[in-house]
Amino acid sequence: LHRIEVLDGKMAVLEAEKAALEKRLGEDPSVYSDYRKTAELTEEIKKTEEKLQPLVEEWTKLMEETYE
């Protein structure tokens with residue numbers, strides 16, 4: 001269960017980062033009016049998702065094993 005709690009914390013941080021990036025992408029005129037900034041922010045979102053995905057997979061597996 002400790003590992004699940006650790007994963008919960010890491011996922012929460014990454015999800016908050018992703019939400020902040022997405023909010024900035026949609027609401028910051030200096031970003032959405034500049035193709036380069038939009039591309040950079042989109043790449044940051046993609047990298048955050050790539051970091052999040054294996055954590056979600058591990059969390060799901062551990063939850064299934066724990067509650068079988």
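The buried residues of helix 1 pack against helix 3 (35-66). That is where I'll start. Helices here are DSSP runs (H or I, at least four residues), numbered from the N terminus. Buried means under 20% relative accessible area, exposed means over 50%, and partly exposed is in between, with a 1.4 Å probe and protein chains only.

A word on the source. This is a predicted model, where local features need pLDDT of at least 70, side-chain atom pairs count only at pLDDT 80 or more, and totals for chains, interfaces and linings use all residues. Residues are numbered from 1 along each chain as its sequence is written, and side-chain values use heavy atoms, with hydrogens and water left out.

Now, which residues of helix 1 are buried? They are Ile-4, Leu-7, Met-11, Leu-14 and Leu-21. Keep the helix repeat in mind. An α-helix has 3.6 residues a turn, so residues three or four places apart point the same way.

Next, the core. A nonpolar core is a set of buried Ala, Val, Leu, Ile, Met, Phe, Trp, Tyr and Cys residues joined through side-chain atoms within 4.5 Å. The largest one has five residues: Leu-7, Met-11, Leu-14, Leu-52 and Leu-55. Helix 1 and helix 3 are the elements that give two or more residues to this core. Helix 1 supplies the largest share, three residues.

Take Leu-52. Contact means heavy atoms within 4.5 Å. Leaving aside neighbours within four places in sequence, Leu-52 is in contact with Met-11, Leu-14 and Glu-15.

On to geometry. The axes of helix 1 and helix 3 come within 9 Å and cross at roughly 155°. Axes are lines fitted to C-alpha atoms, for helices over the stretch in contact, and angles run from 0 to 180 degrees between N-to-C directions. Helix 1 and helix 3 are therefore roughly antiparallel, a label for angles over 145 degrees. Their crossing is left-handed: the near helix is turned anticlockwise from the far one by less than a right angle.

From Val-6 to Ala-19 is 13 residues in sequence and 20 Å in space, C-alpha to C-alpha. Glu-27 is also in helix 1 and is exposed, at 53%. Glu-27 and Glu-5 are 22 residues apart in sequence and 33 Å apart in space, C-alpha to C-alpha.

Key
Parallel < 35°, antiparallel > 145°, perpendicular 65-115°, else oblique.
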